[in-house]
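Subject: Structure handover

Hello,

Please open it first, then read the notes below.

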Amino acid sequence: MAKPGAPIFQKIYLEDILAEIPYNHSQSHLFKYISMKVDLERTPIMVDSKQMKQVLYNLVRNSCEAMDGEGIIHIYSKQNQNYYQLYIKDTGSGIQAGIEDSIFNPFSTSKETGTGLGLTIVQRIIENHNGRIEV
């Protein structure tokens, strides 16, 4: 489960993938009072669109849960030489002190109903795309 398949790369725009994520009021109670501020550079990148959709969904969902369904998520990007950098910030309380180093470990969770695999999967997908994720 935490070992995604090899990515099938194709040229895409992240904002197109982000538009497919159901973060509106009618599709999820998690997003009921969430405002999304998206400021992505329109730059084509080579990624597996299904896997990147999973990454973005997991990260946006984590932000919503961290804010108890109310707040602002800001997603923006920067082009730095040959790197496309994606940033996701939210108005939640932040990651609990002392667990920053373990949040990508399998089964590491602070949620009552979480499996602790979401960020592990995200990290592996990003690494399979020759990228890295940081807190």
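In which helix does glutamine 54 lie? Glutamine 54 lies in helix α2. Helices here are DSSP runs of H or I with at least four residues, strands are E runs of at least two, and both are numbered from the N terminus. At 36% relative accessibility, glutamine 54 counts as partly exposed. The classes are: buried under 20% relative accessible area, exposed over 50%, partly exposed in between, with a 1.4 Å probe and protein chains only. Glutamine 54 is 68 residues from valine 122 in sequence, yet the C-alpha to C-alpha distance is 7.6 Å.

Some ground rules. This is a predicted model, where local features need pLDDT of at least 70, side-chain atom pairs count only at pLDDT 80 or more, and totals for chains, interfaces and linings use all residues. Residues are numbered from 1 along each chain as its sequence is written, and side-chain values use heavy atoms, with hydrogens and water left out.

**Overall fold**

The protein chain has 3 helices and 5 strands. Their order along the sequence is β-α-β-β-α-β-β-α. Of the 135 residues, 34% are buried. The accessible surface is about 8,900 Å², with 48% of it on carbon and sulfur atoms. That area comes from the Shrake-Rupley method with a 1.4 Å probe; for residues, only the protein chains shown count as cover. Now the contacts, meaning heavy atoms within 4.5 Å. Among those with a separation of 6 or more, 70% join residues 24 or more positions apart.

**Core**

The largest nonpolar core has 27 residues. Such a core is a set of buried Ala, Val, Leu, Ile, Met, Phe, Trp, Tyr and Cys residues joined through side-chain atoms within 4.5 Å. Leu14, Met52, Val55 and Ile73 have the most contacts inside the core. At least two core residues come from each of α1 (14-19), β3 (45-47), α2 (49-66), β4 (70-80) and α3 (118-128). Helix α2 gives the most, with 6 residues.

Look at valine 55 next. Leaving out residues up to four places away in sequence, valine 55 touches Val122, Ile125 and Ile126. In α3, Leu119, Thr120, Ile121, Val122, Ile125 and Ile126 are buried. The cover over the buried residues of α3 includes α2. Just after α3, asparagine 130 has a positive phi of about 60°.

**Rings**

The whole structure holds 1 aromatic pair. The rule: rings of Phe, Tyr and Trp (its six-membered ring) pair if their centres lie within 6.5 Å; planes under 30 degrees apart are stacked, over 60 edge-to-face, the rest tilted. Tyrosine 76 and tyrosine 87 form this pair, stacked at 4.9 Å centre to centre with 10° between the planes. Tyrosine 76 lies in strand β4 and tyrosine 87 in strand β5 (residues 83-90), so the pair ties together parts 11 residues apart in sequence. Tyrosine 76 is buried at 14% relative accessible area. Tyrosine 87 is partly exposed at 28%.

There are also charges over rings (NZ of Lys or CZ of Arg within 6 Å of the ring centre and within 35 degrees of the ring normal). Lysine 78 lies over the face of tyrosine 87, 5.4 Å from the ring centre. The charged end of arginine 42 sits over the ring of tyrosine 13, 3.8 Å from its centre.

**Salt bridges**

The count is 5 salt bridges, each a side-chain nitrogen of Lys or Arg within 4 Å of a carboxyl oxygen of Asp or Glu. One of them joins glutamate 15 and arginine 42, at 3.0 Å from N to O. Glutamate 15 lies in helix α1 and arginine 42 in the loop between β2 (33-39) and β3, so this pair ties together parts 27 residues apart in sequence. Glutamate 15 is buried, at 18% relative accessible area. Glu15, Asp16 and Arg42 are linked in a network of salt bridges.

Glutamate 65 bridges to arginine 61, with the closest N and O atoms 3.0 Å apart. Both lie in helix α2, 4 residues apart, or about one helical turn. Glutamate 65 is partly exposed at 24%, and arginine 61 is partly exposed at 32%.

Glutamate 134 and arginine 132 also meet in a salt bridge, at 2.6 Å from N to O. Glutamate 134 is exposed at 57%. Arginine 132 is exposed at 67%.

Best wishes
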